[in-house]
Amino acid sequence: RQRHLTIPCEMCIRDSVNLMLFAVVWIALESSYQHHRDGSETTSRNISHLLSQSVASDIDRIDIALVAVTGEMARLQTTHQRLDSAATKSFLAQLHAHLPMVMGLSVTNADGAIVVGTKEGSQGISLADRPYFQRLRELPQPELLISSPLQGRLSGKNVVVFARRLEQADGRFNGVVYAAVEIAWFEDKVQNLDLGRHGAVALRGDATRGFDLVVRFPPQPPSSPQATMSATFQARIAADPQGGTYEAKAGSDGITRIVTYQAISPYPLISMVGLATEDMVAEWFNEALKVLLLAGAFLVITLLGGLGLIRSWRILEVRTEQLARSNADLEQFAYVASHDLQTPLRNIGLYTQLLERRYRDKIDEDANEFIKYIVDGSKNMARMISDILEYSRISSYEFEEASTDLAEALHSVLKNLGPILEETGGWLCIGALPVVQAEPVQMESLLQNLIENAVTYRHPERPPRIEVRATRLPEGRCQIAIRDNGIGIDPAYREKVFDIFQRLAPQAFPNGTGIGLALCRRIVQRFGGVIWIDSDRDIGVTFLFTLPVEPERDEPAAAS
């Protein structure tokens with residue numbers, strides 16, 4: 001009778017283990033699927049960002065050359081020199097030599113006829129019927145115009161034209177200067193991207209251009225609807241013109257993709273990167289198949305006595321160790337790479353400022369302005385690198401158990417921000433703040449980033465007013481609220497502002513790096529808290545976060 005009682009008990013234990021295994025496998029597969037999906041979204045965002053930066057950089061170089069030509073044409077007009085002189089051709093050729101993406105630089109007169117250019121045989125060709133020429137002729141102010149793809153008159157190739165308006169001394173239209181870039185240049189950029197077997201990438205015009213297609217890879221047959229944008233996409237870009245990520249089926253080939261679009265600011269172009277969900281599912285299925293095979297093997301082993309349990313735990317332990325080692329290597333790489341960028345960046349800033357001081361009176365205003373762009377850019381990059389270093393340290397740094405009086409931390413922050421608060425006429429209202437279980441330096445960084453954010457994004461019609469309050473929560477936690485009266489944040493962006501390098505108004509507030517709020521979230525999460533936003537546009541924003549309270553001090557510390 002004892003033996004009959006023991007066998008059912010052992011079977012119950014075995015069945016319970018198997019049920020637990022099924023549950024663990026199910027959770028693991030679901031988690032793995034979500035991980036692959038999140039990875040696809042992150043990869044599409046990263047590729048889109050890199051592509052946008054690359055295209056914008058090329059256009060910047062082209063536009064600098066066009067601006068230089070407009071200045072030279074104005075000088076020749078003032079000195080009554082011929083536009084088609086040998087000196088003018090040499091000047092254009094020198095600029096063209098630094099623009100490998102450009103097929104040729106040309107200048108037309110007010111009637112649209114090319115008077116001088118870098119391509120042989122271009123002189124005399126009329127561009128009066130080109131839409132970009134007609135639009136520039138009608139524009140009251142000079143600006144860079146980017147054409148839709150068209151066929152070059154001289155080369156017969158598909159090109160995109162970048163053009164600027166030329167004006168006489170009295171402001172009348174005097175022709176255009178333009179650079180033609182072959183579509184093949186853009187194709188080389190997109191077709192070398194790692195998009196998977198069924199991925200796709202495209203460059204399009206924005207809404208002002210009717211989302212015209214510049215280039216797509218892989219290309220589609222002429223009969224496909226690739227140049228037509230769906231109403232769904234147009235609604236998305238109308239809600240968030242700067243960028244976004246969504247999943248949709250492409251009308252050109254019927255493949256479902258995770259698509260990230262991003263505005264190539266400040267130009268009227270959009271990059272679109274789509275990673276096929278079937279590629280992502282295929283990768284996940286291979287991993288899921290391995291997990292299922294392991295689970296099946298485990299079930300067989302449990303039926304035979306559970307001989308492989310120890311080995312499975314060892315495999316899991318090794319994989320966990322490898323993952324931890326890989327994460328540590330990635331964090332170390334981010335730190336070293338950012339650290340090694342400091343020296344060349346400082347050299348760029350120092351030598352550019354030396355160039356400005358030594359040749360300020362020997363160069364024209366355009367050159368002084370270009371030098372200022374370099375100096376400002378290097379300073380902004382230095383701030384970004386510093387923020388990246390701090391951001392990377394948060395994950396790798398092992399904090400010791402410590403407590404921080406938030407009132408004292410805030411006083412330290414105000415010593416740093418005092419001048420800017422005084423300059424903007426801002427003031428703070430501080431309530432009683434508790435002692436929390438967190439590292440003091442990180443709490444000062446958290447508070448400084450949030451208060452500095454409130455001052456930076458202040459409303460232009462009123463001085464900043466900032467309130468700092470604390471509320472005790474159950475289970476030994478507290479909630480801190482930092483409220484301002486600034487420009488506020490649209491509810492659609494409440495989560496996006498915590499993503500690294502995300503900035504909602506880079507043109508209006510150019511000095512930020514897009515890392516501060518991402519750093520705040522990482523700090524709060526590192527100490528077991530959460531951070532979120534409550535905001536209305538033009539009214540202000542409230543940042544709220546939770547932290548564990550020091551158990552030995554139940555009463556909040558009063559702040560003066």
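Predicted model: local features only at pLDDT ≥ 70, side-chain atom pairs only at ≥ 80, totals over all residues.
Five strands make up an open sheet here, in the order β13-β15-β16-β18-β17. On average, and ignoring direction, neighbouring strands are turned by 15° against each other.

Let me go to one pair inside that order. β15 covers residues 465-473 and β16 covers residues 477-484. In which sense do β15 and β16 pair, parallel or antiparallel? They pair in the antiparallel sense, over eight bridges. If you want a place to look, find Ala-470, which stands opposite Ile-480 in β16.

Now the helices that go with this sheet. Helix α9, residues 406-424, packs on the sheet and touches β13, β15 and β16. The direction of α9 makes about 170° with that of β13. Helix α10, residues 440-456, lies across β13, β15, β16 and β18. Strand β18 is residues 540-548, and α10 runs at about 170° to β18. How many cavities of 30 Å³ or more are counted? The count comes to two.

The largest cavity has a volume of about 230 Å³. Its lining has 20 residues, and those nearest the centre are Gly-152, Arg-153, Leu-154, Tyr-178 and Ala-180. Strands β1 (102-108), β5 (158-167) and β6 (173-182) each supply at least two residues of that lining. Which of the elements gives the most to the lining of the largest cavity? That is β1, with four residues. By type, the lining of the largest cavity divides into 12 nonpolar residues, five polar and three charged.

The second largest cavity holds about 50 Å³ of space. Among the residues lining the second largest cavity are Val-55, Asp-58, Met-101, Phe-162, Trp-185 and Lys-189. The elements that give two or more residues to this lining are α1, residues 2-78, and α4, residues 183-191. The largest share comes from α1, with four residues. Eight residues of the lining of the second largest cavity are nonpolar, none are polar and two are charged.

Terms used
Residues numbered from 1 in each chain as written. Heavy atoms only, no water. 1 Å grid on protein atoms, 1.4 Å probe; cavity = no way out; pocket = protein on both sides within 12 Å on 5 of 7 lines; lining within 4 Å. Points joined across faces, edges and corners; volume = space filled by probe spheres on them. Nonpolar A, V, L, I, M, F, W, Y, C, P; charged D, E, K, R; others polar. Pairing = 2+ DSSP bridges. Axes fitted to C-alpha atoms, helices over the stretch in contact; angles between N-to-C directions. Contact = heavy atoms within 4.5 Å.
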